[in-house]
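Me: I would like to go through this structure in questions and answers. Please keep it plain.

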Amino acid sequence: MDGINKYNEFVALHKPQLESSSVPVHLWPALYRKLTADCFDAGEALQLMLIDYDEDDDEENNVGDDDDNIRPVFALEVAREEGIKANDPQAIYLIDHAWTFRMNSARQQLEQYPQLADRLSAITGVDLEHEQRIDKILRRLWKYCHAYSIASEGLSDEERMPIWYVMDEVGSAVNHSDTPNFRLVPLLYLNTQTTYSILFPIRDCELGSPVTRDFVEYVSKDAPQRSALLLPWREADLSDESFLQVEPSVEYFASGHIPETYPKEDASEAKVLASRCNPLKVYAQYDVLRAHLTAPEFQLVDSEEEADVMWLTSHYKNFAELAEETPQKFINQFPFEYVITIKDLLSIVGRRAATEHHNAETLDTYPSWLPTTYNLSTELREYVAYYQKRAVKGLDNHWIIKPWNLARGLDTHITDNIKQIVRLPATGPKVAQKYIERPVLFQREELQAQVKFDIRYVILLKRVKPLEAYVHRKFFLRFANRPFSLDHFDDYEKHYTVMNYQEQAQLHHIQCDDFLELWQQQYPANDWSVVEQQICSMLYEVLQCASKAPPPCGMAPCAQSRALYAADIMLSWTGNGTMEPKLLEINWTPDCKRACDYYPDFFNDIFKLLFLDEQNNESFRLLTAEGQ
């Protein structure tokens, strides 16, 4: 194949990337030549400079060896005597990546490869001899790392997790400016599946001009969140600004969701099924349910059309049509139930239970059972103000950063580093939730240690107006595998309790009744019945809040709807030494295999309650405002 055809093939393959990154067309031929020749020629036009700061200035600004020092170590400047022109067709430079990693393995790689750690020490300005240099590298990393993800079809959620990278010494020396003269964008060279960054001018530059870029070029200069996003590179004090949270508009609740319909109010009062003698026909997409729904009152069928009950693991949206066309069918979902199953919306719904936002002295937000939660896409400036206000008061500032819509701890991070926190949404929408720094712990005798644990309550929702909901009396427990302490937040088995999906992680099982015996031994002054009453009152309150507002801001009534959710809860010590439940999240279509293994009639009992109105006080507890 001749050169022209090869170049045309390159353009055909890479045009979507080049256009989405706004790489000028006049630079494409030179980029192609440099990629095929593996040519790194930035040194012919640019010069790396070590920045020498005045010692007096260091003392005055109290920087020195500070982990949070934002001042750059190196700078890059134009070394070519005639300068660099933006229209020069050769003025595009390949930048190599010094390190490519996923966050959950970053510490391990730095510890395992000393030469890599040495190189990162030089790039980030960490002393090679520092006793905790890897910790310091990881804290300073957020000035230098960037991310991309692979979105090919057929990849698992784990394989789609973000990949972070640090550019080589040249790329890492390009510093921030609000009026940049260069751009620096990533490029996946598809011929070799190699990721580079490419540097090119957007303005003419003279000899000695510093090479700069805008690290948040996608945000306008007057956008309120810009100063917060720039914190890794430029200090900003927002501690005197408001951190109050206001419930967003109807459009916010509807955006990003497939539109769904819901029955009219009068239709929702209809009685779906009269008493009947025949078994209820059940169409279930969930194999665990199919294996364990054995009661003679129910019969499994293979199609939705012949079913009386549809138990789906895919989202259902056409509730109005269901009411009109097949009013006798049940569905295992409620209209707009995502207001409690998506993390950012759950926090908004939960705040409806509060009469004020926060305690002015302690900064604790309300309701007390909802960990303080900010949306890092829409409330970033308010979040930074709140974080900095807590810092001024000397309050704990550890946060857990979670994606809105992923489970199992994926792309989830615990940190007190504000520079890391503002960078993490680069890999997808996130919420920042206050990390529970004083969790109630559980003594695992085989470890001779106290570990974190959480509690999962199964919620059965029959109707939202008036609210009728139950919890299964048998709750489920998950435990961390290592002693708890407020450090080493990348140690998954210390800070997380979901071990089902971790290779080689031990899964510690304790059944509900055994736990209650051990609880009484470990916490004789804290009767579980009192704790459970608080939990049930909390769950009732959040479900009430979920239907306070009309759709799409709240769940809609639907006579044909029944649902099963799982609420994940932790217990926390309060300032006065009492225990308090904290609602972490509510899960849609949770994994019920363990429940069925422990309690073979789990689904039989649930189906009789939800679809046959059989009361079963032994298995289920009705939720009430008082939690009784």
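Reply: A definition comes first: Ala, Val, Leu, Ile, Met, Phe, Trp, Tyr, Cys and Pro count as nonpolar, Asp, Glu, Lys and Arg as charged, and the others, Gly among them, as polar. The model is predicted, so local features need pLDDT of at least 70 and side-chain atom pairs count only at pLDDT 80 or more, while totals for chains, interfaces and linings use all residues. Residues are numbered from 1 along each chain as its sequence is written, and side-chain values use heavy atoms, with hydrogens and water left out.

Me: How do the residues lining the largest cavity divide into nonpolar, polar and charged?
Reply: A cavity is a set of points on a 1 Å grid over the protein atoms alone where a 1.4 Å probe fits but cannot get out, and lining residues have an atom within 4 Å of a point. Points are joined across faces, edges and corners, and a volume is the space filled by probe spheres set on them. The largest cavity holds about 80 Å³, and its lining is Y286, W311, T313, N332, L564, W588, T589, P590, C592 and F603. The division is 7 nonpolar, 3 polar and no charged.

Me: How many cavities of 30 Å³ or more does the structure hold?
Reply: The largest cavity, with about 80 Å³ of space, is one of them. The count at 30 Å³ or more is 6.

Me: Over how many bridges do β8 and β9 pair?
Reply: An open antiparallel sheet of 3 strands has the order β3-β9-β8. Here β3 (93–95) and β8 (182–189) are the edge strands, and the twist from one strand to the next averages 35 degrees. Y189 stands opposite T194 in β9. The antiparallel pairing of β8 with β9 (residues 194–201) runs over 8 bridges.

Me: How are α13 and α18 set relative to each other?
Reply: Helix α13 (residues 343–351) packs on helix α18 (residues 528–546) at about 100 degrees, with their axes 8 Å apart. L346, V349 and G350 of α13 meet V542, C545 and A546 of α18. Angles of 65 to 115 degrees count as roughly perpendicular (under 35 is roughly parallel, over 145 roughly antiparallel and the rest oblique). The two helices α13 and α18 are therefore roughly perpendicular.

Me: In which loop does the cis proline P367 lie?
Reply: The peptide bond from Y366 to P367 is cis, with omega near -5 degrees. P367 lies in the loop between α13 and β15 (373–375).

Notes
Axes fitted to C-alpha atoms, helices over the stretch in contact; angles between N-to-C directions. Helix = DSSP H or I, 4+ residues; strand = E, 2+ residues; numbered from the N terminus. Contact = heavy atoms within 4.5 Å. Pairing = 2+ DSSP bridges. 1 Å grid on protein atoms, 1.4 Å probe; cavity = no way out; pocket = protein on both sides within 12 Å on 5 of 7 lines; lining within 4 Å.
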